[in-house]
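Trainee: Please take one part of this structure and examine it closely, stating the criteria behind each term.

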Amino acid sequence: MSSIVVRQILAGLYWVEIPAIGLRLQCGCPPDANKYLRAAGFIRAEAQGETGPNAILLADVTTNPLMQGWFPVNVAEFSVMQMLYLQGLIIPNHPNNTGKKPVLIGTAEEVARQMNYIYCGNYGLDSPEELLAAGMSAREAEAFWYVKKKFAFGTLHPITHLIEPVFLEGAVPVALADGCQIERLRPNYFRISYAGESVEIHLQPQIFPPSYQLPHVSIPKSVAFGILHMGEGDGWDENRPCMGSALTFHDTHYLIDAGPHVLHNWQQAGKAVADIQAVFLTHAHDDHAIGLIQAISKGIRLPVYCGSVIKAAFVKKMSALMGIRAEEMEGFFEFRLLDMQRWNPIAAANGATLEAMPCYSLHPIETHIYYFRYTDAHGAVKIYGHLADILSEKGLQAMETDAPEQVRWLFDHIRTNYYMPADWKKIDIGGGATHGVAEDFIQDSTPVKIWAHVHRPLSAAELQIGCARSFGDWDGYQV
């Protein structure tokens with residue numbers, strides 16, 4: 001029996017396992033790599049937490065991928081979060097938290113770039129001064145800094161506390177673990193050796209397809225105000241797009257978030273990129289934002305609506321990913337900044353108006369939820385709430401328990417944001433330490449509550465409180 005198990009998942013993505021030394025190596029890190037591994041059975045749920053890789057081999061990147069017309073080659077945020085959170089490597093008292101860290105292997109430049117980008121994805125703006133510079137008041141910055149430290153289990157650690165870097169330069173073999181060596185044969189070609197055996201891996205840079213298949217759907221004609229459901233999954237759901245919606249106002253269309261493959265998904269809705277009026281961005285995690293980088297890699301400059309703190313966190317993280325200056329990254333977008341906690345005018349047509357209200361949410365990085373208000377020519381009002389990502393009541397109470405008096409105002413403020421009256425709400429019920437749960441919305445008066453941001457079937461209890469939607473389903477009304 002071979003001591004090295006190798007499986008090609010896609011061109012440029014491999015699974016290499018050496019059971020004798022416990023090495024589970026993900027070779028290649030395209031967007032949604034963890035979804036492909038789930039579909040292939042290499043990530044599974046077990047009693048003590050999920051299985052999965054414990055090391056990642058990055059492809060070589062010698063020039064800026066944006067200039068080569070393809071999607072970023074290495075996008076490791078969710079692959080690393082898979083290890084830290086779902087596999088439990090960072091969770092206090094978790095049986096898999098043995099002190100071992102995820103290993104990132106690659107050139108010094110690419111490993112440093114990925115570690116910087118993952119750090120930004122884990123913490124966002126990482127000081128009270130950054131929060132203030134991004135537009136928060138002193139009162140807000142104090143409260144959100146307290147929350148940020150609570151999410152980080154007390155302190156924000158250097159990225160080397162979370163990830164073990166292994167630098168692979170030139171053609172010199174590097175010891176990986178217990179007799180295993182890895183060497184670069186030439187750019188993007190690698191040899192992994194153990195116990196007299198070896199395998200060769202080619203990490204061919206390319207645009208990867210989605211892990212899911214979608215039907216062709218269409219947006220109804222003559223829509224006054226409506227929501228096309230673009231995805232109800234999360235960053236680990238291999239069968240569905242990530243949580244997102246398309247908002248239609250008198251036949252103009254706005255995306256709410258832009259996760260992986262958002263342009264492909266939009267085309268499956270029968271629309272061209274030119275039909276996208278703008279994108280409303282909730283936060284900078286890849287399952288909500290990496291599609292914006294996909295757009296600029298295709299030469300598309302999308303207008304982006306968000307609050308100033310979301311802009312700052314997004315620009316910081318994505319400039320780290322691409323290895324460019326923040327000013328250069330900002331220039332790829334037309335940012336349209338919104339005032340927080342108030343109705344901002346967006347559009348008007350046929351005597352009707354569309355307004356958007358971004359509201360603060362609690363999440364490890366800076367996050368907004370949105371409410372959209374449609375007022376017709378006769379003064380009738382309809383409201384859609386898009387609640388990604390939110391924190392459960394249990395999580396709010398845990399944050400609140402030992403909070404100093406001067407930050408306690410924030411928790412009731414967040415509750416007000418979550419339970420604001422609306423006609424429709426799409427709600428994150430991903431659970432765990434950083435997401436919402438359906439039970440918190442039992443008393444919410446919203447007539448249509450749509451569950452999202454999960455990678456599991458909805459329970460009977462959840463379906464008694466709210467409902468499911470699929471790609472292409474539509475809520476709203478027509479002229």
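Mentor: Strand S11 (residues 189-194) is joined to S12 by 6 bridges, and the two run antiparallel. The model is predicted, so local features need pLDDT of at least 70 and side-chain atom pairs pLDDT 80 or more, whereas totals for chains, interfaces and linings use all residues. Residues are numbered from 1 along each chain as its sequence is written, and side-chain values use heavy atoms, without hydrogens and water. Helices (H or I, at least four residues) and strands (E, at least two) are DSSP runs numbered from the N terminus; strands pair if DSSP finds at least two bridges between them.

Within this pairing, Ser-193 has Ser-198 in S12 as its bridge partner. The open sheet comprises 4 strands in the order S9-S10-S11-S12, with antiparallel pairing. S9 (174-177) and S12 (197-202) are the edge strands; each has a single partner strand, so one side of each lacks a neighbour in the sheet. Neighbouring strands are turned by 30° against each other on average, direction ignored.

Turning to the helices, the axes of H2 (residues 77-86) and H3 (residues 108-123) come within 10 Å and cross at roughly 60°. Axes are lines fitted to C-alpha atoms, for helices over the stretch in contact, with angles from 0 to 180 degrees between N-to-C directions. Contact (heavy atoms within 4.5 Å) involves Glu-77, Val-80 and Tyr-85 of H2 and Tyr-117, Ile-118, Gly-121 and Asn-122 of H3.
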